[in-house]
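Here is a short report for a first look at this chain. Please keep the sequence and the model side by side as you read.

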Amino acid sequence: MSFNWLFHGLLPAPDSFNPRKFFQLCGLTKKSPQEVKNVFNILDNDASGFIEEEELKFFLQRFSAGARVLTDKETKAFLSAADDDSDGKIGVDEFQAMVLS
Ligand SMILES: [Ca+2]
């Protein structure tokens, strides 16, 4: 996956990261559910089947190694936007729903 172009001038300033906008910018919203699942698996670094807060922090770095980590505020906002059943982590269904709807 190469989204490096996104980080030349488009890397969001601290506390301004907007996941929905990011998904649109990198074209993820036009991908198939399976492709979105592949991205989910990359973000689920420990392969637990969920993206936990500790993994979500490194969201930008999974796309580009030189990117910053998300701030606590951004991480919590991202989590609550995706976490439909409020279990404190993001499942693949929740991730697909957030990206594709
Ligand atoms: Ca995980």
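The sections below go from the overall fold to single residues.

## Ground rules

This is a predicted model: local features need pLDDT of at least 70, side-chain atom pairs count only at pLDDT 80 or more, and totals for chains, interfaces and linings use all residues. Residues are numbered from 1 along each chain as its sequence is written.

## Overall fold

The protein chain has six helices and two strands. From the N terminus on, their order is α-α-β-α-α-α-β-α. The radius of gyration is 12 Å, close to the 13 Å from the globule rule for 101 residues, so the chain is as compact as a globular protein of that length. Helices (H or I, at least four residues) and strands (E, at least two) are DSSP runs, numbered from the N terminus. The radius of gyration is taken over C-alpha atoms, and the globule rule is 2.2 Å times the number of residues to the power 0.38.

Along the principal axes, the C-alpha atoms fill a box of roughly 35 × 30 × 25 Å. Of the 101 residues, 19% count as buried. A residue is buried if 20 or more other C-beta atoms lie within 10 Å of its own, exposed if 12 or fewer, and partly exposed in between; C-beta atoms are placed from the backbone. Two residues are in contact if their C-beta atoms lie within 7 Å. Among contacts between residues at least 6 apart in sequence, 45% join residues at least 24 apart.

## Helix H6

Helix H6 spans residues 92–100. Its buried residues are Glu94, Phe95, Gln96 and Val99. What covers them includes helices H1 (19–25), H2 (33–43) and H5 (72–82), along with strands S1 (50–51) and S2 (90–91).

An unreviewed UniProt entry places the feature "binding site" at ten positions listed here: Asp44, Asp46, Ser48, Phe50, Glu55, Asp83, Asp85, Asp87, Lys89 and Glu94. UniProt positions follow the numbering used here, feature names are shortened, and annotations may be inferred rather than shown by experiment.

Asp46 lies in the loop between H2 and S1. It counts as exposed, with 10 C-beta neighbours inside 10 Å. Ala47 is also in the loop between H2 and S1. Ala47 is exposed, with 7 other C-beta atoms within 10 Å. Its C-alpha atom is separated by 15 Å from that of Phe95, 48 residues away along the chain.

Asp83 sits in the loop between H5 and S2. With 19 other C-beta atoms within 10 Å, Asp83 is partly exposed. Not counting residues up to four places away in sequence, Asp83 touches Gly88, Lys89, Ile90 and Glu94.
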